[in-house]
Amino acid sequence: MILLISSVSIGVLLRNHDGLKRPLKKIAANKSAMLSMIILLFFLAVGLLDSIHFRAEGQRSSGVISVLDYCAKPLWQHTEKTYSAPFSAYLYSKEYITQDGGDKVWAFPRLQFGGSHLTNPESEKTSDLLSLLMTGLSKGLMLCMAGVGLRGLFVGKKSEQSARRYCPGFVCITISILIVGVAGLMELSMYYHIFGTDKVGEDVFYQTIKSIRTGLVIGSLTTFIMLPLAVIFGILAGFYRGWVDDLIQYIYTTLNSIPSVLLIAASILMVQVYMANHPESFTNLESRADLRLLFLCLILGVTSWTGLCRMLRAETLKLREMGYVQAAKVLGVKPFGILLQHILPNVMHIILIAVVLDFSALVLAEAVLSYINIGVDPSTYSWGNMINGARLEMAREPVVWWPLIAAFVFMFILVLTANLFADAVRDAFDPRRSQYGQ
Amino acid sequence: MIQYIFRRLMYTLPLLLGVNILTFFLFFVVNTPNDMARMQLGQKHVTEQAVNKWKVEHGYDLPLFLNTERRSFKQITETVFYQKSIKLFAFEFGVSDSGRDIGADIKQRMWPSLAIALPSLLLGLLVNIFAALMMVLFRHSYLEFWGVVACVVIMSISALFYIIGGQFLFSKLLKLVPISGFGYGIDTLKFLILPIVISVVSGLGSGGRWYRALFIEEVEKDYVVTARAKGLSETQTLFRHVLGNAMIPILTGVVVVLPLLFMGSLIMESFFSIPGLGSYTIDAINRQDFAIVRSMVFLGSVLYVIGLLLTDICYTLVDPRVKLL
């Protein structure tokens, strides 16, 4: 829900920016930026699906599931006993299995769900995997065809040219590849555990997908807590100077001088104490985890607004001496009006750049904080928690590598695309850079 | 100069007081000592006496701000705020909740932290600058392009993966170095080499990009064009002029973090079980030892403020145009 609101407000923000067509076009012309944007949007879509909750009877203890849960029902219903490797049909550890004749054998038992439709996994698995993959891929391909057809219908012949300009070939190709790939994975995940299962037998692929939402929530919610603080304080300090400036500078230098990890740790400790002493308000695990996530975002926001605030203050100091601001002052525009109409639009590019740059840093920070046990609640699905668990798993023999790899792949893709997109945005919006036409 | 330093020191006082009040607020007002005592003693079946006993043992039994039972001066000194927060200014950290002397612990654990943080910083700096210079030297070529791509890729991988991957590869599979631990004397090197290499590699992405941007900006300036026009070769201009002038922002960036090196790196130390201040802090967080966390917060901010001061002084030393007023 929070994500929905945030994305809508991002949309509004971008709509206000319509006047700045040039930087937007520049982003559109940048291939890697467009590619990463598509992938980011895809992540966002998954996160959104996961955020829309509804009540379903008899599904889970709390009875609340998200749309994503509904779509991926087999993923969380197919739980095994303990670890199992990706695409494996057998369990990770040996057990005594009672055979038909009644005698017990010390062997790897078959999984309850992963590849359970096969009678003889050794010989059939490869061909079965391939055929499943093919069906999935062809389904996806069909979907793409339908999409292309629909587009042709709607766009018509006349506007084909303009459509090509806004949606060039490679964008279509990326979207198609994405859809085909996802369809293939979905088909496979119905019958196998793509990334294996974890210690309690939960599908790792499902955990990884669920973690997307946590990462996005932390990235976006923190930004929305940080933004008003940074913008209001930064502009006020730069515009009014005097004691306002001194006070605000004092506040952010103080906050800045505390190592942020320690401040976060201290605050999270306090939340834990608070929760431990008020058990009556936190009856179920989920509200506890939610509160902790919310509070983590709050604290991250409080610790991270200082950098942007300082930049905004410096920029406002420069802007207030500009001719048009002085003119507005002379013409009798109220200070508030000047701030809103003349200063704020002119620092917008700094805000935008800072927001996209911070996003990937926040996703990475979540993993680190969860590792030190001051991040999200251990019961929340998050990449940090998966990595944290993987630390012990790496010491096992044979090595349990799949949760780590799964978290790694998804996190890497998200952060890489976010970084690339941020670079493009910075190149496009930073006036200093665009001067040289680079 | 001395006058300036003195004035700056006076200026840091309200700053540290602010930090102090903030942490005090977090630790004592949001959650009262009673809450903490309950937390430490376990949730259930805690009697009033046990809570009071714990508070007396750890010195939390005084009133928060004003002790009305005492007279004159002691009204202020016999309070939790004075005992626990103001005394930090004299670096009297007191005892931790588990009864150890925090000051002694910090002194002892400072050195391992420094042993790992200082080489990683210096080595990282060298590698970053070298990589950035190479990229600038071969700018507008494939080398630069792929260098930047590599930087973005390195940047996008969480530091945790480098650590886990490095430990797995070098310690478990190749058995070149021990997985974790710390030794003294010649043994130290064996334990330190992997953490240092990992921290250099994981910092290469953002560091290399940052320095590259710095050099590129410098390369386009007029004096570089002049140097080239004089007939200096590209390497000469780069190493003599560009590097020299870019040294100012580099140096100031480094000086700020120098004092903080004592604090060590939280993740590195806990992964490699190095007995430094970083792992000390993590242990305190996990054991919910508030006294240690509070002391570390204060120590961290003191060091940061010192770093800022050093930076300003360094400015004048490197850049003759800057004068301290």
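Read along the sequence, chain B follows the pattern α-α-α-α-α-α-α-α-α-α-α-α-α-α, and its secondary structure amounts to 14 helices and zero strands. The model is predicted. Chain A, by contrast, holds 17 helices and four strands. Between them, chain B and chain A bury about 4,200 Å², with 44 residues of chain B in contact with 49 residues of chain A.

**Chain B as a fold**

- Chain B has 325 residues, of which 47% count as buried.
- If one takes the contacts in chain B between residues at least 6 apart in sequence, 69% of them join residues at least 24 apart.

**Chain A as a fold**

- In chain A, which has 438 residues, buried residues make up 46%.
- Chain A exposes about 21,700 Å², with carbon and sulfur atoms supplying 66% of that area.
- For contacts in chain A between residues at least 6 apart in sequence, the share that joins residues at least 24 apart is 70%.

**The interface: area and polar links**

- Of the area of about 4,200 Å² that chain B and chain A bury between them, 73% is on carbon and sulfur atoms.
- Three residues, B:Ser156, B:Phe161 and B:Ile285, supply 14% of the area that chain B buries against chain A, which is more than any other three residues supply.
- One salt bridge is found across the interface of chain B and chain A.
- The side chains of B:Arg209 and A:Asp423 meet in a salt bridge, at 2.7 Å from N to O.

**The interface: the side supplied by chain B**

- Several helices of chain B each supply at least two residues of the side that touches chain A; among them are H1 (2–29), H2 (33–41), H7 (142–156) and H8 (159–173).
- Further along chain B, helices H9 (187–219), H12 (266–271), H13 (277–287) and H14 (290–318) likewise each supply at least two residues of that side.
- H14(B) gives the most to the side of chain B that touches chain A, with eight residues.
- By residue class, the side of chain B that touches chain A divides into 27 nonpolar, eleven polar and six charged residues.

**Local features in chain B: B:Gln167**

- B:Gln167 has its place in helix H8 of chain B.
- B:Gln167 counts as buried because its relative accessibility is 11%, below the cut-off of 20%.
- The C-alpha atoms of B:Gln167 and B:Val177 are 8.9 Å apart in space, while the two residues are ten apart in sequence.

**Local features in chain B: B:His140**

- B:His140 lies in the loop between helix H6 (102–137) and H7 of chain B.
- With a relative accessible area of 72%, B:His140 is exposed, since the cut-off for that class is over 50%.
- Phi of B:His140 is near 60°, a positive value in a residue other than glycine.
- Most residues other than glycine have a negative phi.

Methods
Residues numbered from 1 in each chain as written. Chains lettered and ligands numbered in written order. Predicted model: local features only at pLDDT ≥ 70, side-chain atom pairs only at ≥ 80, totals over all residues. Heavy atoms only, no water. Contact = heavy atoms within 4.5 Å. Buried area = accessible area lost by both parts, 1.4 Å probe. Salt bridge = Lys/Arg side-chain N within 4 Å of Asp/Glu carboxyl O. Nonpolar A, V, L, I, M, F, W, Y, C, P; charged D, E, K, R; others polar. Buried < 20%, exposed > 50% of the residue type's maximum accessible area, 1.4 Å probe, protein only. Areas by Shrake-Rupley, 256 points an atom, 1.4 Å probe, with all protein chains shown as cover.
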